[in-house]
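Trainee: May we go through this structure together? I would like to begin with the whole chain and then turn to details.

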Amino acid sequence: MINKLRLNRNNTYPAQNSKSYRLNKTQIQEKESLPEILFITTYPPRECGIATYSQDLILALNNKFQNTFNIKIAALELQNNKYAYNDEVTYVLETDNRYSYDALAQNINSNKDIALVLIQHEFGLFKTNEADFILCLKAINKPIIIVFHTVLPNPSAKLKENIAEMNALVDSFIVMTNASAKLLENDYGILKNKITVIPHGTHLVKHTDKEALKEKYNLSKRRVISTFGLLSSGKSIETTLDAMPLIVVENPDILFLIIGKTHPSVVKEEGEIYRDSLEQKIEILGLKEHVKFINAYLPLEQLLDYLQLTDIYLFTSKDPNQAVSGTFSYAISCGCPVISTPIPHASELLKNGGGIIIDFENSEQLQKQVLNLLNNPQLCKEISNKGIHKMAPTAWENAAISHALLLNSVMDRKSKLKYKTPAINLEHFKSLTTPFAMIQFSIINKPDIKSGYTLDDNARALVAMCQHFELTNDDEDIAYINQYYQFIQFCQQKDGSFLNYVNENKKFTDQNSENLEDSNGRAIWALGFLVAMHDLLPESLITQAKKTMQAALLSATSMHSTRAMAFTIKGIYYSNKKEMNFENKALIKLLANRLVQMYRHESKANWHWFESYMTYGNSILPEAILCAYLATGDMIYKEIAKTSFDFLLSKTITENSIKVISNKGWLHYNKAVTKEVIGGEQPIDVAYTILALAKFYDTFKNTAYLQKMETAFSWFLGNNHLQKIIYNPCTGGCYDGLEEDYINLNQGAESTVSYLMARLTIQKCRAEIEYNKTKTVFTDNRNLQLVN
């Protein structure tokens, strides 16, 4: 381990540990080629809000991106307060030592790898050394971004002068609220285009059952109100304690949790005077059975548990200048209805029904609002849902994307953002599945059994689980594969066709009077995909699936829906990949010729498509025609498949992003374009694009298709017009849609299965490429040995 460079008066450094690490040439080149971002911030094990904030942000950046940049840290501490840091911390800046600032600037300037300096700024961190801090900024010759955790209103002349000096020296400012941005612009004269608002990050949570969590922490049969954070008098906990007696009278089961140890700087200056005063007050008010201290700096997982079991969260800070608080951000993201004093952060987040604002130090108002919520569970639910939707864009994953985009825009050395692919997570996929089938919809990540089941979702789920089994050989998959197949069989009617909609009581619904051709096509696709797995799955299951498919194909000749025909072609192709019999080849040609006829009728010099408009699931049409070529060898299919697919890609994929056709407005050939439609993008369309790209790459070996596949997949990870995640790595679910200015947070079957199909397709493609590389190297080496 390399010792940290403690920058002291003499600018001398301890000798480096002799232990070394051997990197291969590629690793060294990658490491040297990446720009380095230096965070100047407090950092754990130091216990403070900014340290935790920085740790969460850096973790999010490292989890979100790979081979994009290296992040290092210059940790802030006092001369008499030393901490043992991890390897991320390469420098230590002693904020009460003027020489340390000079040494840090020198080291930044001499380190050619550092491309940008990001400073987490809080006025209390630098105390009386603000002048030394500004001199340090003047000395640094790299781009600088400052994050203001506090922006004070009505600044003094001296404060305005300090900020003006910073403004002249740095490239950009980050604040966490719109109110702070307005203060910087109006009170400090900083140009609007130099300010970026990136809200305080929050953790994604699974929204575990509240009662189960209460039981876990021995809080069953208690209604819980809570607050958390490092304790100090500024928290004004007494505001709640003074309100408690009447709350207890009306709610004898109430418990107030005070979560968090006393702030280390408070302990250092005054010990536990404040906590002791609270305990005395609890004794005097007779609240010992209704107030509980959790005097610890809790691990994140445990903290999120406590917040999720909380019925009402209280934030009672009495500092009107506190710009932002991560504490109630976390509480809102955990689904807590929040009552808060009007700091700027709360005023922005809790407006329009997102929570309740009370005056500073007003116990009477707090008491009234707590009682109102305790007596109105429906209101609590409404506030909770609004809060979750408001906080979703502030997930740490989204904060990481916003920071990365800004960092890249400020750095002289631009770095292409390379999104890291999340691990495969079947948790939500499986939670949607009952012993009968996969449930259609989900409220956030809670499956909604009342929405019933569809053939569409279970057909896609069958394909996805077959993909997963092919890649992993996980025996648990077989039960799910069989279950989804059984549902398809359940939906099949005597004439071989399928119904689509089934309610929670396993009864077919009136919705089945609608056009069901596309659903029938999807079922045939899934059955064909299943039959193609005959070498891996039980013979009895494959035999059944073949019979179900043969019955379904009896009515295939009467299909005329473009997508129904396309799905059917895919199903037949997959089921007969190794040996295509005459009847199936003839059926493929019949359906493919219909698509070719439609293409010839509608295509023009500048419109190479099967219809006069593009709607949903467009990629399956050229993919199906390509499958027809692979099954029959007919060159006209190959030509039309490639021409139509490349045309579709020209409408949806640019060099850096994908934007699939919106369900808010289809793309028409003969309709004058007035305004670009934003929003209405569905995960299923991105997934179908990825499946088609994989098939086209496999056929044509054109690496452009590979690059487009990676670009399309990054849509799920945040590379979209909102720069927000669509896939939720915490739950394993996928959000239902990308709209103009928000994400639909429900994680239903269609979106979740679509993401999984795309993810597994990417995995298989990458694995095959790596295998072929290894095979080539092995063959080359063997041939070389034979020659020698």
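Predicted model: local features only at pLDDT ≥ 70, side-chain atom pairs only at ≥ 80, totals over all residues.

Trainee: What radius of gyration does the chain have, and what would a compact globule have?

Mentor: The chain has 30 Å; for 788 residues a compact globule would come near 28 Å, so the two agree. The C-alpha trace spans about 90 × 75 × 55 Å along its principal axes.

Trainee: How many helices and strands are there?

Mentor: The chain contains 29 helices and 23 strands.

Trainee: Changing topic, how far apart are the end C-alpha atoms of helix α21?

Mentor: They are 21 Å apart, and this agrees with the 21 Å that its 15 residues, 517-531, should span at 1.5 Å a residue.

Trainee: Next, threonine 562. Where does it lie, and is it buried or exposed?

Mentor: Threonine 562 belongs to helix α23, residues 562-575. Its relative accessibility is 5%, under the 20% limit, so it counts as buried.

Trainee: Which residues does threonine 562 touch, leaving aside those up to four places away in sequence?

Mentor: Leu595, Met598, Glu611 and Leu621. Leucine 621 is 59 residues away in sequence, yet the C-alpha atoms of threonine 562 and leucine 621 are 7.3 Å apart.

Definitions and conventions. Residues numbered from 1 in each chain as written. Heavy atoms only, no water. Helix = DSSP H or I, 4+ residues; strand = E, 2+ residues; numbered from the N terminus. Expected span 1.5 Å × (residues − 1). Buried < 20%, exposed > 50% of the residue type's maximum accessible area, 1.4 Å probe, protein only. Contact = heavy atoms within 4.5 Å. Rg over C-alpha atoms; globule rule 2.2 N^0.38 Å.
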